[in-house]
Amino acid sequence: MFDRFIESRTLVYALAIILLSLMMMPVYWTVVTAFKPDVETYVFPPVYFPKNPTLIPFQLLFESYPFGDYLRNSIIVAGATTILVTFTGMLAAYGISQYPFRGGNWTIYFLLITRIIPPLSLLLPFYLLVSWLGLVDNLLSMIIANIYLTYPFAVLIMKSFFDAFPRELIDSAIVDGCSRTGALLRIVLPVGAPGIASAAIITFLWTWNEFIYAFVFTSTSQSQPLTVGCFDAIGDVFVNWNQMCAGALIAALPGIIFVFIAQKYLIRGLTAGAVKF
Amino acid sequence: MKLSNSRYGFLLNLPGLLLVILWVFLPALLLFLASFFRYDNIRPIVFNGLENYQHLFRDRLFWIGIEKITVFCIGTTVLTSLGGLVLALVLSAIVRGGGLFRSLMIVPWAVPAVVSGIIWKWMFSPDFGVISDLLMKVGLIQTPLSIYSTPSLAMVGVIIADSWTRIPFMGIILLAALLSIPGEIHEAARVDGAGVVNRFLYVTLPLIKGPLLVGLLITTIFSFRTIDIIIPLTAGGPGRATYVLGYYIWDQIVKSLNFGVAAAASVILFFMTAAIALIFVYHLRK
Amino acid sequence: MKKRRFIILGFILVFIFTGTAFGQKGKKAYETIQWNKPTPIGQRIGGQTYVLPEGWKEAIKGVSKIKVSNFGALQHDPATVENAKRFGALTGVKVELLAWAEPPIVAKTVSLFAAKSSAVDVLCYDHPTTYMQMVAGGWLHPIDAIWNDPGVWKLYAPPTKKGLTAPDGHFYGSIGQTKTMMLFYRPSIVPKPPETWVELQEIAKKVTTDKVWGFVYPAGGEMDIIYPLRDMIYSQGGRMVDLKKQRIVVNSPEGKNAWKMLADMVLTDKSASTAVLEYSWMGASDMFAMGKAAMVMTHTVDANRFQDPQKAPNIQKDWGVAPPPKWDKTKPDEYHASYFDIDGYMINKFINDKQKAAAMLFLDFMRSYEASYRELIDEGNEAAVISVYDHPSAKKIPVPEARKAAMSRAVLETFPPAGRSLTDLIKEFFANVITKKMEPMDALEKCQKTLDDYAVPE
C-alpha cells in the first residue's frame, strides 16, 4: 500500500511542485519586491503581492547608482573571458582528446589540481601582481583572473565531449585530404557544438557571477561588475530594498535566462566536468 | 612541416598550459613566499620566517575560523545532500515536463552567490523579513526571529542560504546518476518483493555511490572555501558566530591589510582543502 | 688688462643670473602659491566669498582635472557636488568626484597608496578613525602651507588644530564635511526631550510598546557601536583614546557606565530591539524614519530624510531635534557633547607637483566659509566654519543655535593606527553581550584585554 502510494504519479508531481516552489521562493520574493513602491516594501507582515506595482525602483536604481556601468562591465568581462577560454580550451581539449601526447595525462591532473586550489587562497598573490602591474581598477585584470578560474573546467568539459566523438569521422576526413585543424573546424565543431556550448555557457555564468576577485581588483564604477555593484549598494548609506531587489534581478538575469533556454547543455556540461573526476 | 600527431596535440595545449602555469603556479609560488614575510602595510616588509604561522596559531580568531568552517561545511554538505537527493529522486520519476522542473531546480545555482546572500539577508530581515512572517503564519514561532541576535541561528541561516545555492548541482549529478540506472534493475528488485525503502537502500544507493561521492566532494570543497554568501548576509557575525576561516582570510586582506598573515592563512586553507579532496579521492578509487 | 676684468665680471654676473634662474625653477609648483596673500588665510577663506591665493594660476597651469574620492553615492552629498562645481568655475580645474562605497573605502584607499598609484589626487578619509593610519603609512603630501596662519584656527571648533596635527607636527589632512550627532525624538510620544542619558533611559523604558522602540542605536555595521558608546563617554567628560600609550580604553569608569546602559537597554529595559546588531548607523535612523522608534541619536543631515514625505511618511510633522544629552544632572553643560566627525581630504603624494598644487587649492576651498555655507544650508550637514551659523539664512534650518553649541562642544579624538581592527573587536564583544554569550561587564573587561593585546608594539 505504502509502496503504491509512494510510486503514484500524482504524489511525485505534487512533491515536485511543493519542493520546487520552496526552492523558488527567494526568487519569487526578489521579483516581487523589485516592483514594490517604498510603502509596500517596509511593512511587516510583508506584502506578498504588490497592490501598486511600479517600475520606480528600477528607475531610481539606475539614477542612484551607476548600474549601467556595472552592467556594461559585467558584459565585457564575461564576454571576453568566455570567448578566450572557449577558443583556447576547445583547441586544448581537441588536442588532449584526439592526439594523446606524452604528459597528456599529467596535463589533465594539472588541470584537476588547479580546481582544488581555493580561489580565495590565490586572491592575495593575484592582487599583489595586479597592483604591481598597475592594473588595479582595470577590466583586463578581471578578465585575466577569470580566465584562470574557468579555463581548467572548460577544458575538462569539452574534453569529455570530444572523447565521445567518433574518431572515424575525423580519420576519414583526414584521409580525404583535410588537415587536422581543418577536421576540427569542419567536423568536430558542428557535431560537438553542444559540448562547446556547454563550456561556453558555464564559463560565462561563472565569470558573470564572480565576486571576490572583482571586489578586490576594482575601486570605481569604471570597472566594477554587477556583483560588486550590488554588494556596494547594500553597504551604502540607506538600503533601499526594493531597488536592491531590482538590482539583484538584473544581476541574476543571464543565469536565469540561460537555465531556461540551455538547461540540457548546462546539465551535460556540469555532469561531464564533474564525473570525469 | 607536418607535425606528428602527438606533437600536434601538445602544441594545441601549449597556450593553455602556459596560461595555467603563469596564472596558477606563479601566484601559488608568490603566495607561499609571501607567507614568510611580514607584510602588514604599516611597517617595512621583511622576512620573518614562520612568524606569520605562529601568529595564526596564537590568534584566537584563526581558531574560531577553523571551528566555524567545520560546522558550516558539515551543515551545508548534509543539507545539500539531503535536498539534492530528495529532489533528484522526485525528478527522476517525472518524464513529462521534466525539462521545466529541471530548469527550476537549477535556477539557484545560476544566481550569483553574493546576490543570493543579499536576497537571503532581505528575507531574514528582523523587521521586515518574509521568513519570520512565514514561520509565524505556520505557528512555529510567535515573534519575528532575528538571526542577528542569536549566534546559532546565524549559523543556521548561512547554512540554509548556502545550501540553497548548492542543491541544484548535487541534484543534477544525482539525477543523472539515477537516470542512468537501467529500469530493469528496479523491475527485477520489485519482482523480488523488495519494498520502496529497501529498493532505495540496497539497490539505488549503491549504484549511485560514485556520483554521490563526487557530489559530496565538490560540495564539501566548495562550501569550505566560498564566503560569497556570508559576506553580505552576516559579515561573519554576530560576534563571530559565522566567522569561517575564509572570512578570516578575507578580513586580513581587505580590512587589516596584513598580507603576510593572509598569505599564511591562505596556504593553510589550501592544504586543508587538499586534504579533504585526497580523502574523498581515496574512497572513490576503492 | 681692463678688458679681461670686464669679461670676468661679465661671466660672474651671468653665473649669478643663471644660478638664480635655476634656483627659481627648483621651486615646486605648489610652493609658488602664496597662501597668505592677498590677505592672511583666516581672512581670505573666512569671508562670505572665497578668495583664491596669489600665484594660483601659474602654479596649476596645465591641470585640467583632479580626481577626488567621496564617501558613498554622490546623491547623498549635494553640497559636495555644488562645491566641486564652484571650484571648477573658480579655477578652471574640473573636479571628478568618485563615489566609493563605504565599507571597503579604507582598504581601497590604502591599496591605492600601497600600489603607489597616481590614479586619485585627493582621498576622502574619516578623520577620527583613520588619520593616524594614513599618516603612519607615509603616503601623504604635507599641507602645512595652507594652515600657516594662527588666525585660521579661529574659524573652526577648538579641537580642530590639535586633531589635525600629526605626531610629527605636520598637517596632512584638511576638512571636507563635519558632523556631530543630535538627539531626534517624536513629540507625540516624548513631549519633552530628555536632557540627560539617565533620563533618556527612563523615558525609553516607559514609552516602549510592541510597535515602537524607546531608543534605537546601531551596533551592526563596521564600527557602529562606537557612536553611542563614544557619545555616552563624552557626555560624562571621559575619553576613549589614551594618547600616551596609543590605545583605546573602554573600561574606564565612564566606559563602564556607557556599556552597561547600552546593554541594559536591550537586555533588561527592552527599550531597544536585539536587532541593533543588524543596524548600521543609518539603520537606526531608518527605524526612526519608519516611525518604529521614539528616539535616536543621529547626524543632523538626517533631518532632510525625516522631512521627506516619501521617505518618512509616518513621522511627518512629528519629529524634533534636541542637543546631545549630558550624562546626568550632576555634569556641567559642556558635557552636552557628541563626537566631532571630520570627513577630511588628504593628498596623494604620488601625483605630480602641479596636480598637488591644484589639490591643495581644492582643500583650501573646501574648508572655507563659502563651502561650509553650502554644507549647512544646502545639505544640512554641520558647518565647519562656526560663524556660518550666524548668517541670516541659518535661521531657516532646524535648531541652528543648538547645533552651533553642539559643534562648539563636540569632542575630537583620533584613534591609533590599527583603529578599524580595534573597533571591530569592540563590535564583536558587544555582540556577545547582546546575544547573551557573555555577561556585560565581563565582556567589557575581556574586550579591553584583547584591545590591549592587539596594540602594535613599536
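**Where chain A meets chain B**

Guide: Happy to! In this contact, 84 residues of chain A touch 78 residues of chain B. Please keep in mind that the model is predicted. On the side of chain A that touches chain B, helix H2 (residues 9-34) of chain A gives the most, with 12 residues. By class, that side of chain A has 67 nonpolar, 13 polar and 4 charged residues.

Now let us look at one pair of helices. Two packed helices are described by the angle between their axes and the distance between the axes. Helix H6 (residues 104-116) of chain A packs with helix H1 (residues 5-34) of chain B at an angle of about 30 degrees, and their axes are 11 Å apart. Angles under 35 degrees count as roughly parallel, and H6(A) and H1(B) are therefore roughly parallel to each other. The crossing in which H6(A) passes H1(B) is left-handed.

Which residues meet there? From H6(A) come Gly104(A), Thr107(A), Phe110(A), Leu111(A) and Thr114(A), and they meet Gly9(B), Asn13(B), Leu17(B), Val20(B) and Val24(B) of H1(B). This contact of H6(A) with H1(B) holds 5 nonpolar and 5 polar residues, with no charged ones.

Stepping back to chain B, you will find 13 helices and 2 strands. Its domain assignment gives domain 1 (1-27) and domain 2 (35-285), and the C-alpha centres of these two domains of chain B lie 34 Å apart. Of the 286 residues of chain B, 54% count as buried.

Conventions
Residues are numbered from 1 along each chain as its sequence is written. Chains are lettered from A and ligands numbered from 1 in the order in which they are written. This is a predicted model: local features need pLDDT of at least 70, side-chain atom pairs count only at pLDDT 80 or more; totals for chains, interfaces and linings use all residues. Two residues are in contact if their C-beta atoms, placed from the backbone, lie within 7 Å. Helices (H or I, at least four residues) and strands (E, at least two) are DSSP runs, numbered from the N terminus. Ala, Val, Leu, Ile, Met, Phe, Trp, Tyr, Cys and Pro count as nonpolar, Asp, Glu, Lys and Arg as charged, and the others, Gly among them, as polar. Domain bounds come from an automatic or database domain assignment. A residue is buried if 20 or more other C-beta atoms lie within 10 Å of its own, exposed if 12 or fewer, and partly exposed in between; C-beta atoms are placed from the backbone. Axes are lines fitted to C-alpha atoms, for helices over the stretch in contact, and angles run from 0 to 180 degrees between N-to-C directions. Angles under 35 degrees count as roughly parallel, over 145 as roughly antiparallel, 65 to 115 as roughly perpendicular and the rest as oblique. A crossing is left-handed if the near helix is turned anticlockwise from the far one by less than a right angle, and right-handed if clockwise.
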